[in-house]
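Dear colleague,

I am passing on a structure that I have been going through, and the notes below set out what was found in it. Please read them with the coordinates open.

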Amino acid sequence: MKAKNMMDKNFLSVKAFDSIDEVSKIMEDHKRFTCPVVDDNNKLIGWVTALDITKGLRENNDKISEIMHKPEETHALNENDSAREAVLEVSEDKVLAIPVFDENEILKGIIRSSDIIDTFSELYETKVYKIYEAMQDQLKGVTWDELMKASAIVSTRNTGIKITPEEYDKNIHEATFGNAVWATGGLENFFVGLISVGELVIARKIGQRRK
């Protein structure tokens, strides 16, 4: 996923000559804690936060230009950068929002921590069978029945609880990715299990050809 796939394209922006009082009301109405400051060409020339607004009002400043941060003080991404970069920025540097530019340095969107949470929430609600369908697509020539048989074997081996391919098929159509991650003890264990299924189904396929 790229930054442009995660960013909010309908973002709020203000101008340097806007009054701090007006911007404070706009940010409050839109429930925004941070806001980009752009010129007439939609290029980033600054950045303000709710704390900057509060301080500006307290110190009787008038214009946004008096309190805004410089662009170089702001974390930024190109729209074709990996969305992973945004996740790392938010996680490691605790930033609330990241501006996203195109090749001409025109501001195209904003990635907020809430956008990242929404993306992961959507991923967690993805049905597990969708992941298996993608896996089957990559394992050329493998049927769904073969994939379910291998999955049932791996599941029985890992949990000690016998399960039939039919039961496994039903389970992955009901369970979400989030359910599966929690049930297997974490993201790493979930994907290790998928790799084991892939290895087993291929081994069984090769074994059948040799008979």
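A salt bridge is taken here as a side-chain nitrogen of Lys or Arg within 4 Å of a carboxyl oxygen of Asp or Glu. Please bear in mind that this is a predicted model, in which local features need pLDDT of at least 70 and side-chain atom pairs count only at pLDDT 80 or more, while totals for chains, interfaces and linings use all residues. Residues are numbered from 1 along each chain as its sequence is written, and side-chain values use heavy atoms, with hydrogens and water left out.

Salt bridges

The search of the whole structure finds 4 salt bridges, including the one between the side chains of Arg-112 and Asp-8, with an N to O distance of 3.0 Å. Arg-112 belongs to strand 5 and Asp-8 to the loop between helix 1 (3-6) and helix 2 (20-29), so this pair ties together parts that are 104 residues apart in sequence; helices (H or I, at least four residues) and strands (E, at least two) are DSSP runs, numbered from the N terminus. Both Arg-112 and Asp-8 are buried, where buried means under 20% relative accessible area, exposed over 50%, and partly exposed in between (1.4 Å probe, protein chains only).

Another salt bridge joins Lys-25 to Asp-21, with the closest N and O atoms 3.4 Å apart, and because these two residues are 4 residues apart in helix 2, about one helical turn separates them. Lys-25 is partly exposed at 47% relative accessibility, and Asp-21 is partly exposed at 39%. Glu-85 and Arg-84 also form a salt bridge, their closest N and O atoms being 3.9 Å apart; here Glu-85 is partly exposed, at 34%, whereas Arg-84 counts as exposed, at 53%.

Strands

Strand 1 (residues 34-38) and strand 2 run antiparallel and are joined by 5 bridges, two strands being paired if DSSP finds at least two bridges between them. Pro-36 stands opposite Trp-47 of strand 2, and in the hairpin of these strands, with 5 residues between them, Asn-42 takes a positive phi near 65 degrees. Of the 6 residues of strand 2 (residues 44-49), 5 are buried, so this strand is largely enclosed by the rest of the structure.

Elsewhere there is an open sheet of 3 strands in the order 3-4-5, with mixed pairing, whose edge strands, strand 3 (77-78) and strand 5 (107-112), each pair on one side only. Strand 3 and strand 4 (residues 97-101) run parallel and are joined by 2 bridges, with Phe-101 in strand 4 as the bridge partner of Asn-78.

Finally, Tyr-124 is found in helix 5 and is partly exposed, with a relative accessible area of 31%.

Best regards
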